[in-house]
Amino acid sequence: MPSNQLDPNKWVDRYSDYLFNYTIVRVNDREVANDLISETFLAGLKSAKNFKGEASERTWLISILKRKIIDHYRRNNSKKGQAEVKINYTGEDSEGEWLEEQVADQFDRTAEDEMENNELGLAILDCLDSINEKQAAIFKRKTIDGVDTEAICNEFDITPSNLWVIIHRARTALAACMEKNWF
Amino acid sequence: MSKKNKSLFVDCSEAATCCTKAQYDEAGFFEKIKLMIHLAFCRTCRTFSSKNSKLTRKIEEANLKCCSEEKKREWRESINKLHREEHS
């Protein structure tokens, strides 16, 4: 029996950061990522009546977002009429320089690292979804946005001691959630 | 208002708070000393502290990003607007 229901008013608070991290590694552009997420929310709202409740709200939004990302690349590719050919080594003096450029940079992050980090990021956000909403919100403001302690205290109307207790609880819950797969 | 503990010996809950503050480089000198002393004799807190540092490293590795509050506000407004229109 379908048990999941849509609650569009909570989409932004619950899923925007997850969708953003999912998108940014795939399109590598903040503006494009924002546009795609915006399109996803609106498409989700328009097709809400087709939601059967078999998948979770987030899985359903991700499936819409995936299609939006594919459409984005299709649109971009259809615009490409001409291939761009870059010729860097024209003179005889520069012959062989390309060899130096091709040497692997051991400090360079590989595609595998990037993929693993993205998975890790999504796992952290996944775990944050499962903890107390207020704790998660304060933790995100402090840890991901890097906002000042005082500013967060004003925003949430709490004292610094409260803030540290909340962050401590959020971190403990997060570590417990991630322990199985990542620690 | 919370009373400040001036003793160098603190309980596990205060040590945990100092440890969490230290992850954000916001623990003061005295707090760091209190934490070190506590860790020297409390094995449970030592385990917690090492997990806490590991979590900090993992979060850094993940390079998480949040969308701007302005953008979120914009999305909330357009969703609410469309939602209202569909239900009116």
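R58(A) and D126(A) are joined by a salt bridge, with 2.5 Å between the closest N and O atoms. Since R58(A) belongs to helix α3 of chain A, residues 57-79, and D126(A) to helix α5 of chain A, the pair ties together parts that are 68 residues apart in sequence. Please bear in mind that this is a predicted model. Over all chains, the count of salt bridges comes to 16.

How many cavities of 30 Å³ or more does a search of the whole structure find? The search returns one. The volume of the largest cavity is about 30 Å³. Which residues line the largest cavity? They are R14(A), D17(A), Y18(A), L125(A), L128(A), D129(A) and K140(A). Two helices of chain A, α1 (11-27) and α5 (111-130), each supply at least two residues of this lining. In terms of residue class, the lining of the largest cavity has three nonpolar members, four charged members and no polar ones.

The last part concerns the interface. Here 35 residues of chain B are in contact with 42 residues of chain A. About 3700 Å² is buried between the two chains, and carbon and sulfur atoms give 65% of that area. Which residues of chain B lose the most area to chain A? They are Y24(B), L64(B) and W75(B), together accounting for 18% of what the chain B side buries.

Residue pairs in polar contact between chain B and chain A, both at pLDDT 80 or more, number 13.

On the side of chain B that touches chain A, α1 (12-23), α3 (43-62) and α4 (69-87) of chain B each supply at least two residues. The most comes from α4(B), with eleven residues. By class, the residues of this side comprise twelve nonpolar, eleven polar and twelve charged.

Conventions
Residues numbered from 1 in each chain as written. Chains lettered and ligands numbered in written order. Predicted model: local features only at pLDDT ≥ 70, side-chain atom pairs only at ≥ 80, totals over all residues. Heavy atoms only, no water. Contact = heavy atoms within 4.5 Å. Buried area = accessible area lost by both parts, 1.4 Å probe. Polar contact = N/O pair within 3.5 Å; in protein donor to acceptor, adjacent residues only side chain to side chain. Helix = DSSP H or I, 4+ residues; strand = E, 2+ residues; numbered from the N terminus. Nonpolar A, V, L, I, M, F, W, Y, C, P; charged D, E, K, R; others polar. 1 Å grid on protein atoms, 1.4 Å probe; cavity = no way out; pocket = protein on both sides within 12 Å on 5 of 7 lines; lining within 4 Å. Points joined across faces, edges and corners; volume = space filled by probe spheres on them. Salt bridge = Lys/Arg side-chain N within 4 Å of Asp/Glu carboxyl O.
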